[in-house]
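Could you go through the points below with the model open beside them?

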Amino acid sequence: MKAAPHWWKETIFYEIFLRSFKDSDGNGTGDLRGILEKLDYLKDLGVGALWITPFYPSPLHDAGYDVADYDDVHPEFGTLGDFRELVAEAHKRDLKIILDLVLNHTSEEHPWFRESRRAKDDPKRDYYIWRPGKDGKEPNNWMSLVGGSAWEYDEATGEYYLHLFSKHQPDLNWNHPMVKQGTFDMVRRWLERGADGFRLDVINLLMKPPGLPDGVYREGSGKIDGRYVLDYPLYANNPGMHELLHELRRDVLEPYGAATVGEVHFTPASEAWKYVDPRRRELDMIVQVDILFDRTGPKFVKDRVKEWFLAFQGRGWNTMALGNHDTPRMLSTLGNDGPWRTLSAKALAAHILTSPGTPFLYQGDELGMTNVAFGSMDDYRDIEMRRFYEQLVRQGKPPEEAFAWLRPRSRDNARTPMQWTAEGNAGFTAGTPWIGVNPNFREINAAAQARDPDSILAFYRRLIAFRKANPALIHGSFYPLMEDDERVVAYRRLWEGRGFLILINYSDQVSPLEAGLVGKGRLLIGNYPDLPQECAARLRPWEARILALE
Ligand code: GLC
């Protein structure tokens, strides 16, 4: 049966960082059969689509975002048979399977690259971006997004290849017809195997600017403060980008009714809508990375949500996410993972699940999982953190200072194993986990929360069901309130005469409400057990209220 055309607007997506979700065979790494074991958990939670991070054969330099073979499953993660079984079982439960497609680059171990690097006249040479050096240096001044030059010198032919990410991830040349054809065929094969859609990794970087011109440097605007970074927008939205996505949709995705969500970087809302305008037939949704990567606080988040809503209104569909596998835990950066952990986790949930746009949840956030603080660099696995560390130390920062600065910012904060139970290794694996488990698993785990009607998990279930039952939260218009307030996030959602007022206090302090909002609406859902009369004019610390407007 073909799915309803816009199912992706009405459901909730859940990101599974595969390596850390559930290990079924004791090798210390999460796998596809581990997801199979947890399908009922996900079904009970109420989400409708599972985005699974890359499971393809890979040397795993970048957690699988360095693909060596797009058509198979890494033995650590399972087999193609497991994939088929997962799709069948997910579909039985009305859960969609969304694959992560990494098209900007391959692994250096991909057969295309192995051939490409062999000789200047190799038939696959131009599948990648090779250039001779300039005056004994790199072909241009581009920097990689994980620090250092974006060019790697290759002894075999005496030329450099381009890598916007690590040197293990050479960029493909999307102007080459065979790259396009080979990739489109590969995507079709996954659709034939039952995939319902794709998350498209760094999708707007695929086309490079003609002539690969030098960039302009400015100070301290990258992920590491004080360094000089290139004007990265040069990498994004280059000529041919929109046309390529249109072709992919028309020739490959539309015949299968596949849904897409693109990861779009360095693009303001005022430009980004072009990727999701249904009339242009490119992508269905994009992830708003600016919200994800800036953790300065609620004011920034609410300004961006408004900006994206206005820019997309009448033109394209939005998404809403406050964390993923590339950010530290939202609870530790936007919420309060100390004394207010439970209340603030629920407040963030209320924000995500009542905002305009399809919500994207990240594994473990529904349990209130937090950042981790391992003792030394050796405990960390993330290539980005390691590259940044080397760079800071090279620039003269004492190693302990570099480590202290990077620790709360590391992507590994969100990549520690899912906390299923209070038993050894949090019930994640019977073996040795590939990365340490957050020691707070005895207190924070799914088993304990499943038994507790007041748990964060129970609150997520309730809110998810509530969103699905109320079209005003899905299709309703959005009216921001108390816009200048630094602590309170407030808005109305209205749809066909039904409406909701949402009030969220993003702080440890009591926060007054604007006079016009006092006494408005009837409380439907709140993260405090009751609403005494004297609280009507103010929000308690991390209080979230969803009220019905008659
Ligand atoms: C995306 C992924 C990230 C990865 C990068 C390179 O940003 O989310 O995890 O490192 O692309 O593929």
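The numbered points below start with the basis of the values and then take each topic in turn.

1. Basis. This is a predicted model, in which local features need pLDDT of at least 70 and side-chain atom pairs count only at pLDDT 80 or more, while totals for chains, interfaces and linings use all residues. Residues are numbered from 1 along each chain as its sequence is written, and side-chain values use heavy atoms, with hydrogens and water left out.

2. Which distances separate polar side-chain atoms of Arg199 and Glu263 from an oxygen atom of the ligand? For Arg199 the distance is 3.0 Å and for Glu263 it is 2.9 Å, while an N or O atom in the side chain of Asp62 lies 2.6 Å from a ligand oxygen atom; a polar contact is a pair of N or O atoms within 3.5 Å. The ligand taken alone exposes 310 Å², of which the protein buries 97%, with accessible areas from the Shrake-Rupley method and a 1.4 Å probe.

3. The parallel sheet. Eight strands form an open sheet in the order β11-β10-β7-β3-β2-β1-β13-β12, with parallel pairing; strands are DSSP runs of E with at least two residues, helices are runs of H or I with at least four, and both are numbered from the N terminus. Because β11 (285-288) and β12 (319-320) stand at the edges with a single partner strand each, one side of each is left without a neighbour in the sheet. Within this order, β2 (residues 49-52) and β3 (residues 96-101) pair in the parallel sense over four bridges, with Leu50 opposite Ile97 in β3; two strands count as paired if DSSP finds at least two bridges between them.

4. Strand β14 (residues 477-481) pairs with β15 (residues 488-495) in the antiparallel sense over five bridges, and Ser477 has Leu494 of β15 as its bridge partner. Six residues lie between β14 and β15 in their hairpin, where Met482 in the turn has a positive phi of about 45 degrees. The antiparallel pairing of β15 with β16 (residues 498-505) runs over eight bridges, and Trp495 stands opposite Arg498 in β16. Here the hairpin has two residues between its strands, and Glu496 in the turn has a positive phi of about 45 degrees.

5. Cavities. The structure holds six cavities of 30 Å³ or more, a cavity being a set of points, on a 1 Å grid over the protein atoms alone, where a 1.4 Å probe fits but cannot get out, with lining residues having an atom within 4 Å of a point. The largest cavity has a volume of about 130 Å³, the volume being the space filled by probe spheres set on grid points that are joined across faces, edges and corners. Of its 13 lining residues, Lys302, Lys306, Phe478, Pro480 and Ala490 are the closest to the centre. The helix α10 gives the largest share of this lining, four residues, and α10 (298-312), β14 and β15 are the elements that each give two or more.

6. Second largest cavity. This space of about 50 Å³ is lined by Glu15, Trp51, Val287, Leu292, Ala321, Gly323, Asn324, Phe360, Leu361 and Tyr362. Strand β13 (residues 358-362) supplies the largest share, three residues.

7. Second largest pocket. About 650 Å³ of space lies in this pocket, a pocket being an open set of points with protein on both sides within 12 Å along at least five of seven lines. Of the 30 residues that line it, Ala4, Pro5, Trp7, Gly257 and Ala258 are the closest to its centre. Helix α1 (residues 7-10) gives the most to this lining, with three residues, and by class the lining has 17 nonpolar, five polar and eight charged residues.

Key. Ala, Val, Leu, Ile, Met, Phe, Trp, Tyr, Cys and Pro count as nonpolar, Asp, Glu, Lys and Arg as charged, and the others, Gly among them, as polar. A polar contact is a pair of N or O atoms within 3.5 Å; within protein, one must be able to donate a hydrogen and the other to accept it, and residues adjacent in sequence count only if both atoms are side-chain atoms.
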